[in-house]
Amino acid sequence: NGAFNSTHEVEDSINYPHLRVATVKKVIATEPQEDVPSKAPNYIWARSGPDAISLGDDFGWPSATCYYFGREIYKQMDGEVPIGLLTSCWGGQRVECFSSP
């Protein structure tokens with residue numbers, strides 16, 4: 001909870017309905033995988049809002065930097081373009097692992 005004015009930011013997160021967040025569950029694999037499991041038990045992508053950007057629980061959004069970056073893109077596009085933010089909090093992971101060839 002190191003974000004400035006975090007309580008307001010969490011409450012404000014409901015105002016970005018086309019902003020989606022997903023957090024990858026930590027699972028070890030010895031070879032490339034076709035899919036990754038979600039850290040959330042019942043869904044993969046969550047709509048921006050206090051439940052997805054909550055503080056202090058096991059599924060809280062781990063990167064304020066990522067969220068703020070995505071939110072600014074969302075605002076610059078006037079909320080007309082859906083934005084998806086993916087978090088995988090393992091050091092040393094390359095972003096190419098999560099994109100199509």
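A salt bridge here is a side-chain nitrogen of Lys or Arg within 4 Å of a carboxyl oxygen of Asp or Glu. I'm working from a predicted model, where local features need pLDDT of at least 70, side-chain atom pairs count only at pLDDT 80 or more, and totals for chains, interfaces and linings use all residues. Residues are numbered from 1 along each chain as its sequence is written, and side-chain values use heavy atoms, with hydrogens and water left out.

**Entry 1: R71.** I looked up R71 and found it in helix 2 (residues 64-76); helices are DSSP runs of H or I, at least four residues, and strands are runs of E, at least two, numbered from the N terminus. R71 is buried, at 9% relative accessible area (buried is under 20%, exposed over 50%, partly exposed in between, with a 1.4 Å probe and protein chains only).

**Entry 2: its partners.** I checked D12 next: its salt bridge with R71 has the closest N and O atoms 3.8 Å apart. R71 is in helix 2 and D12 in helix 1, so this pair ties together parts 59 residues apart in sequence. R71 also forms a salt bridge with E9, at 2.5 Å between the closest N and O atoms. That pair is 62 residues apart, with E9 in helix 1 (residues 6-12). I noted E9 as buried at 17% and D12 as buried at 15%.

**Entry 3: the network.** R71 meets E72 in a salt bridge too (4.0 Å, N to O), but E72 is partly exposed, at 35%. I then traced a network of salt bridges linking E9, D12, R71, E72 and K75.
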